[in-house]
Amino acid sequence: AATIPDPMDVRPRTWPRKKIPVDGAERPPEWDDEEDGIWQAPMVDNPDYKGPWRPFQIDNPDYKGEWKPRQIPHPNYVPFAHFPSLKYVGFELWTVNNGTILDNIIVTDSWRAARQFAEEQWSPTFRKEKGLREAWDKAQEARAERAELAANTGEAEADGDVGSEEDGEEEAEDEHDKDWDAERIEL
């Protein structure tokens with residue numbers, strides 16, 4: 001470390017403690033040390049407490065700087081190629097949420113170009129997609145409420161439509177994918 005605690009720095013005897021005994025606390029006359037243990041006055045927070053004492057820090061005489069590994073030449077090093085016109089970029093993306101949309105990808109080193117692209121391409125699409133997502137969420141809530149109501153009234157059993165919860169979840173996911181794709185195409 002660049003600094004270490006000063007070995008000559010000692011905690012002052014007058015450093016306030018975190019807890020202090022209650023003023024005027026006296027041992028109760030019925031207190032019996034053999035039965036009740038040694039009596040200790042009740043403690044309260046000390047208003048003069050300044051936090052834990054820490055010794056003053058001094059420069060470490062043995063500090064040699066941040067450690068860095070020794071650098072050696074890489075025998076198979078190939079300089080990064082410069083691409084004057086890069087037209088395509090490939091991504092492998094894994095998602096865990098249905099309805100995730102990835103589009104309008106830009107590769108640039110210019111903040112202004114990225115900002116302009118976002119305003120022209122991303123913002124309008126985002127507003128539409130957000131509206132579609134909110135509509136889809138409401139539809140899902142309504143479906144869940146109907147399913148819960150049907151389960152509570154026993155309609156599902158009466159119709160002979162008894163299946164596992166997993167089957168229902170798979171069907172709901174399939175419906176979601178179809179709905180989302182249809183809504184996406186309308187954009």
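Guide: The side chains of aspartate 45 and lysine 19 meet in a salt bridge, with 2.8 Å from N to O. The term denotes a side-chain nitrogen of Lys or Arg within 4 Å of a carboxyl oxygen of Asp or Glu. This pair links distant parts of the chain, since aspartate 45 belongs to strand β3 and lysine 19 to strand β2, 26 residues apart. Strands (E, at least two residues) and helices (H or I, at least four) are taken as DSSP runs, numbered from the N terminus.

The model is a predicted one, in which local features need pLDDT of at least 70 and side-chain atom pairs count only at pLDDT 80 or more, whereas totals for chains, interfaces and linings use all residues. Residues are numbered from 1 along each chain as its sequence is written, and side-chain values use heavy atoms, with hydrogens and water left out.

The two partners fall into separate classes of exposure. Aspartate 45 counts as exposed because its relative accessibility is 55%, while lysine 19 counts as partly exposed because its value is 38%. In this scheme, buried means under 20% relative accessible area, exposed means over 50%, and partly exposed lies in between (1.4 Å probe, protein chains only).

By the rule stated above, the count comes to four salt bridges. One of them joins the side chains of arginine 27 and aspartate 33, at 3.3 Å from N to O. Arginine 27 is partly exposed, with a relative accessible area of 41%, and aspartate 33 is likewise partly exposed, at 36%. Another is formed by glutamate 119 with arginine 115, whose closest N and O atoms are 3.8 Å apart. Both of these residues lie in helix α2, four residues apart, which is about one turn of the helix. Glutamate 119 counts as exposed, at 52% relative accessibility, and arginine 115 as partly exposed, at 47%.

Aspartate 6 is buried yet has no salt bridge, and the nearest side chain of opposite charge, arginine 54, is 15 Å away; here Lys and Arg count as positive and Asp and Glu as negative, with His and the chain ends not counted. A polar atom of the aspartate 6 side chain does, however, lie 3.0 Å from the backbone nitrogen of methionine 8.

Ser123, Glu129, Trp136 and Ala150 are buried in α2.

Valine 89 is partly exposed, at 44% relative accessible area, as is isoleucine 106, at 35%. Valine 89 is also one of the residues, among them Phe80, Leu93 and Val107, that form a nonpolar patch on the surface with about 1,000 Å² of accessible area together. Patches are made of residues with over 30% relative accessible area and no salt bridge, nonpolar side chains (Val, Leu, Ile, Met, Phe, Trp, Tyr) being joined within 5 Å and like charges within 9 Å. The areas come from the Shrake-Rupley method with a 1.4 Å probe, and for residues only the protein chains shown count as cover.

As for the overall layout, the protein has four helices and four strands. From the N terminus on, these elements run β-β-α-β-β-α-α-α. Of its 187 residues, 6% count as buried. Glutamine 40, in the loop between α1 (33–36) and β3 (43–45), is exposed at 66% relative accessible area. Its C-alpha atom is 8.6 Å from that of proline 21, 19 residues away in sequence.

How values were computed:
Polar contact = N/O pair within 3.5 Å; in protein donor to acceptor, adjacent residues only side chain to side chain.
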